[in-house]
Amino acid sequence: MKKTSALLLALLLVLSVFTGCGSSASDSKEGKEADTTAAAGSAEADASADSDWSYIEGKGEMIVGITLFAPMNYEDENGELIGFDTELTKAVAEKLGVKVKFQQINWDNKEVELQSKNIDCIWNGMCITEERKQNMGITNPYLNNTQALVMKADRQEEIMKDVSGLTVVAEQGSTGEGKLLGTIEDDDTVEVSAKEYFGKSNYVAVDSMAKALMEVKAGTADLAIVDSVCALAMVGEGTDYEDLIVNLDNNFGSQEYGIAFRKGSDMVDKVNSTISELYAEGVVDKIAEKYGLSEMLIK
């Protein structure tokens, strides 16, 4: 009797072990398959998250950071936003099949706005610099630029003789400010160092190029250093700044405008390709001619 009980117990133990092993193997296989599927899904989600184009296409809108200055982005007499960059942005967005939302930003905070995704790109006459290339993804250059001095026309001779002790203004975070302060290094296109030229001047930062011109017009600043593209469009006969004059005697260096996206963004190649298509269709030339920028285009 005892032997029979012992044999039955042993048999039950053996069956239990085999059943347990079979169950564990099955669960393990299913678990691995589930883990593999989850990992693949996670990788796919990460790839999508890394794609700026997927992000922008998904929401159907590209938010563009700008400041207001002619002839790039500015308002007409009806308060409608116009300008070379405004129209080119819209043309690119139309080809990409997304809407555009223009958002005014503080130019000095442009990179923070971009990285935090408050905006998707900076398309506003932005000069390409080595530092900006390190921090952002930037398209091929599309427009040439230099730095210009703007002052009262009746004071030009006096001011150009000596800027010592005079008050000069520039947009905070701009290339003009960078040249003046020396945070943007001089290159082989520079004939006159802005840092040395304004070494004995009093520098005051303002929040836009338009504000810099207003300060000169009001007499609260003696001169402004701004992009020549801006100065030539906003100053002179038929403008709000008829009493001011643009001086390009000093070559503080040549710059090129580019469009900035987040570092590593796939939008850079996408926009480069789209602009090339618009060149081939004659659209870019037509917009440039409208705003007097044909000679400054980089093709």
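1. Basis. The model is predicted, so local features need pLDDT of at least 70 and side-chain atom pairs count only at pLDDT 80 or more, while totals for chains, interfaces and linings use all residues. Residues are numbered from 1 along each chain as its sequence is written, and side-chain values use heavy atoms, with hydrogens and water left out.

2. Cysteines. The structure holds zero disulfides, a disulfide being a pair of cysteine sulfur atoms within 2.5 Å. Cysteine 127 counts as buried because its relative accessibility is 2%; cysteine 230 is buried as well, with a relative accessible area of 0%. Buried here means under 20% relative accessible area, exposed over 50%, and partly exposed in between (1.4 Å probe, protein chains only).

3. Helix α3. This helix covers residues 84–96. Helices (H or I, at least four residues) and strands (E, at least two) are DSSP runs, numbered from the N terminus. The expected span is 1.5 Å times one less than the number of residues. For the 13 residues of α3 that gives 18 Å, and the end C-alpha atoms are 18 Å apart, which agrees. Buried residues in α3 include Phe84, Asp85, Leu88, Val92 and Leu96. Glycine 97 follows the helix and has a positive phi, near 80°.

4. Proline 71. The peptide bond from alanine 70 to proline 71 is cis, with omega near 5°. Proline 71 is in the loop between β1 (61–66) and β2 (74–75).

5. Lysine 117. Although not a glycine, lysine 117 has a positive phi of about 65°. As background to both backbone points, most residues other than glycine have a negative phi, and most peptide bonds are trans. Lysine 117 is in the loop between α4 (110–115) and β5 (121–127). With a relative accessible area of 34%, lysine 117 is partly exposed.

6. Strand β5. The strand is mostly covered, with seven of its seven residues buried. Two strands pair if DSSP finds at least two bridges between them. β5 pairs with β1 in the parallel sense over two bridges, and valine 64 stands opposite cysteine 121 in β5. β5 also pairs with strand β12 (residues 254–262), in the antiparallel sense over three bridges. Here cysteine 127, the residue at 2% relative accessibility, stands opposite tyrosine 257 in β12.
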